[in-house]
Amino acid sequence: MNVYLQDLRKILFGSTFHIFNYEWKKSYFKFREPFSDLSYALEAERGGSSAIQMAVQANIIRYLLFTGNNGTENICLQDLYEVSPKKQEEALAAALSDILWSAGESHSGLVCLVSTDSYFTPSTEYKVDNFTERVQLFKFSEKETMQKFIYEHIQCFKEEGSHGVILFLYSLIFSRTIDRLREDLDSTTSHLLHSSLGNFVCQQALLNLMLTGRASPNVFNGNIQYDDQGSPLPLPLHGVLIRSDVGYLHWNREMLQHGKLPMVGSMLKTPKLPIWLCNINGTYSVLFSTNRSLLSDWKMEHLFDLYLYNGQLAQNHTVILTIDTHSHHWEEGHSKGEGDLEKRFPSVEMTIRTKWEGAAIDWNGTVPFF
């Protein structure tokens, strides 16, 4: 078990001496009030673990709207306002198992729970945190069995003090396996978390693992074998190989100003279902539509609604954004003398325009944020 735990630490932090801080340890999957306007929604902290919570949130929405609704075609936002406590638990179990099963290449999945016993022999090579050493692994070769197991132990992920987000992260790593994770990564990324302003935040590889089942460190399509001059790279750079159910959009003003904003490829921009995890200035939100045909019928993309949830307690209703890609360009009526348009428009809008260039966006009475 010692080698397992040391490998786990290295793939997470790049070192066996880093441990999760208090903020990570207290993170779990907590729903908002049942039978409310946000009964489908998880609370998310602003810290490093929020990326994981919001990736799971995207999959909860996927389950409630598209995969767990018994084939109902006519779904609407109102359907997300009537989620019972039992349905919340079902949706969380489904979301967690979907992500784990995908990481296990649809052949197997592994769930980590905490036992009372320690499975670790003290070592000078490893810093003990009195939690990881008590983790017990349960392996499954059938997705339905794993989902049922998670549902039966759902309190281990959704109760205060459960370390629920860390347990899920460990389950994700062991479902993927350390060996496959090392193959997924490339010369740009050697581990899944990095330190930023005193906290551990998710690398792109970890986000891609939750979205696509593979921890590719980059957001472009495919793998890159050559540099900008056409010379072969010593090792290829790994991008996204498949179109997944949940997509990804990225906008960051600071990175844009320094010319470092990564260009997200079509695999992530155009997922199978109209749900996107959004990284907006380093914080995470989910954008989604109830219209399954939005991305498969171009006529649907002229005028449509997107719904926005950012995980924060200050948000007390789902924001409805009306996207108009057809009638006029968003820059019309704004002269160049008014300063940088991208500084004056909300970052949420600029994020949406990375997918629908030139779109005009109506917040329908909500005061714009971000």
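These legends describe close-up views of one predicted model.

The model is predicted, with local features needing pLDDT of at least 70 and side-chain atom pairs counted only at pLDDT 80 or more, while totals for chains, interfaces and linings use all residues. Residues are numbered from 1 along each chain as its sequence is written, and side-chain values use heavy atoms, with hydrogens and water left out.

View A. The largest pocket holds about 690 Å³ of space. On a 1 Å grid over the protein atoms alone, a pocket is an open set of points with protein on both sides within 12 Å along at least five of seven lines, and lining residues have an atom within 4 Å of a point. Grid points are joined across faces, edges and corners, and a volume is the space filled by probe spheres set on the points. The lining consists of 29 residues, of which His194, Val201, Cys202, Asn279 and Tyr284 lie nearest the centre of the pocket. Two or more lining residues come from each of α3, β5 (193–196), β6 (199–202), α9, β9 and β11. Helices (H or I, at least four residues) and strands (E, at least two) are DSSP runs, numbered from the N terminus. Strand β6 gives the most to this lining, with three residues. By residue class, the lining has 13 nonpolar, 14 polar and two charged members. Here Ala, Val, Leu, Ile, Met, Phe, Trp, Tyr, Cys and Pro count as nonpolar, Asp, Glu, Lys and Arg as charged, and the others, Gly among them, as polar.

**View B. The largest cavity.** One cavity of 30 Å³ or more is found in the whole structure. A cavity is a set of grid points where a 1.4 Å probe fits but cannot get out. The volume of the largest cavity is about 60 Å³. Its lining is made up of Ala44, Glu45, Arg46, Ser50, Met54, Thr283, Tyr284, Asn310, Gln312 and Phe370. Four lining residues are nonpolar, four are polar and two are charged.

**View C. The salt bridge between Arg62 and Asp245.** The closest N and O atoms of Arg62 and Asp245 are 2.7 Å apart. The pair links distant parts of the chain, 183 residues apart, with Arg62 in helix α3 and Asp245 in the loop between β8 (232–238) and β9 (247–251). A salt bridge is a side-chain nitrogen of Lys or Arg within 4 Å of a carboxyl oxygen of Asp or Glu, and 18 of them are found in the whole structure. Arg62 is buried at 12% relative accessible area, whereas Asp245, at 22%, is partly exposed. Buried means under 20% relative accessible area, exposed over 50%, and partly exposed in between (1.4 Å probe, protein chains only).

View D. The side chains of Glu349 and Arg353 meet at 2.9 Å, N to O. The two residues are four apart in helix α13 (residues 347–353), and are therefore separated by about one helical turn. Both Glu349 and Arg353 are buried. Elsewhere, salt bridges that share partners join Glu105, Arg176, Arg180, Asp184 and Arg214 into one network. Arg214 is in the loop between α9 (204–212) and β7 (223–226), and Asp184 is in helix α8 (residues 178–184), 30 residues apart. Arg214 and Asp184 are both buried.

**View E. The two sides of helix α5.** In α5 (residues 143–152), Met146, Phe149 and Ile150 are buried. These three cover an arc of only 100° around the axis, so they lie on the same side of α5; the arc is that of the directions from the helix axis to the C-beta atoms. Glu144 and Lys148, on the other side of the helix, are exposed. The buried residues of α5 pack against α4 (85–103), β3 (109–114), β4 (135–140) and α6 (155–158), where contact means heavy atoms within 4.5 Å.

**View F. Thr290 in a loop.** Thr290 is in the loop between β11 (283–288) and β12 (303–309). With a relative accessibility of 14%, Thr290 counts as buried. Leaving out residues up to four places away in sequence, Thr290 touches Leu65, Phe66, Ile75, Cys76, Leu77 and Tyr307.
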